[in-house]
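Student: Please take a close look at one part of this model, the side of one chain that touches the other. I would like a connected account of what forms that part and how the chains are arranged around it.

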2 protein chains.
Amino acid sequence: MTLHHPQAVQLELDAVLHALSDPQRLRIVQSLAEDPTPRRCGAFDLHVTKSTLTHHFRVLREAGLIHQLEEGTSRLNSLRRDDLDERFPGLLDAILAAASDHAPLSSAHG
Amino acid sequence: MTLHHPQAVQLELDAVLHALSDPQRLRIVQSLAEDPTPRRCGAFDLHVTKSTLTHHFRVLREAGLIHQLEEGTSRLNSLRRDDLDERFPGLLDAILAAASDHAPLSSAHG
DNA sequence: TCAGTAGTACGACGGGCATCGTACCACATG
DNA sequence: CATGTGGTACGATGCCCGTCGTACTACTGA
């Protein structure tokens, strides 16, 4: 079974903003923006249980923010930058800029 | 008693995104962006009751998105564009652009 | 085969939120 | 004083959401 991803044209602003209004999910997107390397759900330092993690990644995927590629027992997550930029030009950049000003990921664990 | 408005520096991204993730509130902000004239809470065509209206305007105010000036029995609402732009450059513009693409206010009642 | 890893599915819990109705206040106007 | 207008406060309701635990599947490797 393949995972459902909305098409770029179908992305809804409400869903995107809601997805990013949660600190944990904003963290994930921030991290993926800093380092675009696709990586596992568990590879994000989030301090929540696995089931909660699954939930957050699902919200992000269904909002169209990330792409999840099934790879063995893992799912490789990547940011849908191009689709986001195509649908909502400048939105992701503005949010990421605001987020990095707010609580920079690079110094979050320092 | 004066209404509490957060300072520009204190604006939190989570709160802003959450405030704008609600369709009704996004509508209000959209409307204020299209026509910056400060106006009453009741002057927005929202199809919700007065108490719900009060709630939404409070959320917007406490997130720092709007300013409410007490004027007699009314509150004049205006968009805090400058403060938003100062704190989160480009964010409001990007969201408004995305929103107008999504569901243009000017054609909402047409 | 046994153990470990990566993740899902389901159910539950608690809190928050959008919405409403009712009651109430402040001001203007007749 | 009575009425209308603009808005708040409070309580209730129903739903959604973030979080967790438990049980489960699928793959990997000793």
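Tutor: This is a predicted model, and the account below starts with the contact side before turning to the chain behind it. In the contact between the chains, 17 residues of chain B meet 17 residues of chain A. Two helices of chain B, α1 (13-20) and α5 (91-102), each supply at least two residues of the side that touches chain A. The most comes from α5(B), which gives seven residues to that side. Sorted by class, the side of chain B that touches chain A holds twelve nonpolar residues, four polar and one charged.

Next, the relation between the copies.

As for the chain itself, chain A has five helices and two strands, in the sequence order α-α-α-β-β-α-α. Its radius of gyration is 13 Å, close to the 13 Å from the globule rule for 110 residues, so chain A is as compact as a globular protein of that length. The C-alpha trace of chain A spans about 40 × 30 × 20 Å along its principal axes. Of the 110 residues in chain A, 31% are buried. Among contacts in chain A between residues at least 6 apart in sequence, 66% join residues at least 24 apart.

Note on methods:
Residues numbered from 1 in each chain as written. Chains lettered and ligands numbered in written order. Predicted model: local features only at pLDDT ≥ 70, side-chain atom pairs only at ≥ 80, totals over all residues. Helix = DSSP H or I, 4+ residues; strand = E, 2+ residues; numbered from the N terminus. Rg over C-alpha atoms; globule rule 2.2 N^0.38 Å. Buried ≥ 20, exposed ≤ 12 C-beta atoms within 10 Å, placed from the backbone. Contact = placed C-beta atoms within 7 Å. Nonpolar A, V, L, I, M, F, W, Y, C, P; charged D, E, K, R; others polar.
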